[in-house]
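Biologist: I would like a close look at one part of this model. Please start with the whole chain, then zoom in.

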Amino acid sequence: MAQIISTEPSDLQIAAEVLGAGKLAALPTETVYGLAADATNGSAVAGIFSAKGRPHFNPLIAHMATLEMAERYVVFDDISRKLAEKFWPGPLTLVLPLREGAAIHPLVTAGLTTLAIRMPRGPIAEIITALDRPLAAPSANSSGRISATSAQAVQDDLGAKLELIVDGGACVVGLESTIVKIENGQAFLLRPGGLAAEEIEAFIGEPLHRLDQRAAIQAPGMMASHYAPDAAMRLNISEVRDGEALLAFGAQRASGADKAVATLNLSPSGDLHEAAVHLFDYMKRLDAAGAKTIVVEPVPHHGLGEAINDRLSRAAAPRD
């Protein structure tokens, strides 16, 4: 199993050395734990796809330490630059044209002429600074499965495939980053996430355009089936059936809630930020309860609820 280390400076230096040697490490961010590799090292990046079982047509996010570092690899338009200056570091990913001659390995972009980038919070930023190279870091879980928001969740899933895990505690956001692309002066929401779309819209003064769910993959998190537990899922329920596990929300329970083999409430007070923090952890815990189906009470679609419902709908999607 992977060695679990702390966020002390000496341990972060160890993590930087491991990544610099082309090996894999799981690192905490404010969103979820990331499975990190040097984004300029093709062999290291290939290790991400192998460890996760991730299809190679699904691109990765490159994590940067500073805006100046990002400019080495991508070309910013005016709106994207303003978004970066406003929301970085934080849970916002921007999809931008790849700069000619940029050292990012083609596996990271999945053959696209664009690169998804963000500046994360937490010890990962110190590691990137020490390396002076961006890190490709999708969520540290098997492809299509529930994202990890704790070091133990990473160890349980991928520990046998990693060199080390940096334990930064529970993630404070709990959902992957929001992904935005500016094209012909218009802003497109490619994936809702830990930064509410309303905040972005208020800042740029225009609505974010939503893509058809059948749109071609332009960024991570756009596959129809994703974030899935072993159990089937039933969403927006009004009734719990015998033998089902219940993922609840708010103060009012669905009919038959007493029949549930296990119940966890994302937020008894109906707080969407609290619900986002608990989402993946509670899905994993209910999945471990052994029910064949996890049922989910309705979650509002505004604010972070848009991202929560996106993850739930992909978790409940038909699987190959």
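Biologist: How many positive and negative side chains does the chain have, and how far apart do the centres of the two sets lie? Then take Glu306: in which helix does Glu306 lie, and is Glu306 buried or exposed?

Modeller: This is a predicted model, where local features need pLDDT of at least 70, side-chain atom pairs count only at pLDDT 80 or more, and totals for chains, interfaces and linings use all residues. Residues are numbered from 1 along each chain as its sequence is written, and side-chain values use heavy atoms, leaving out hydrogens and water.

Charges come first. The chain has 27 positive and 37 negative side chains. Lys and Arg count as positive, Asp and Glu as negative; His and the chain ends are not counted. The centres of the two sets lie 4 Å apart, with each charge placed at NZ of Lys, CZ of Arg, CG of Asp or CD of Glu.

Next, the fold. The chain has 10 helices and 15 strands. These are DSSP runs numbered from the N terminus: helices are H or I with at least four residues, strands are E with at least two. Of the 320 residues, 57% count as buried. Buried means under 20% relative accessible area, exposed over 50%, and partly exposed in between (1.4 Å probe, protein chains only).

Now zoom in. Glu306 lies in helix 10, which covers residues 305–315. Glu306 counts as buried because its relative accessible area is 18%. What does Glu306 touch, leaving aside its neighbours within four places in sequence? Its contacts (heavy atoms within 4.5 Å) are Leu189, Pro192, Ala197, Arg210, Pro300 and His301.
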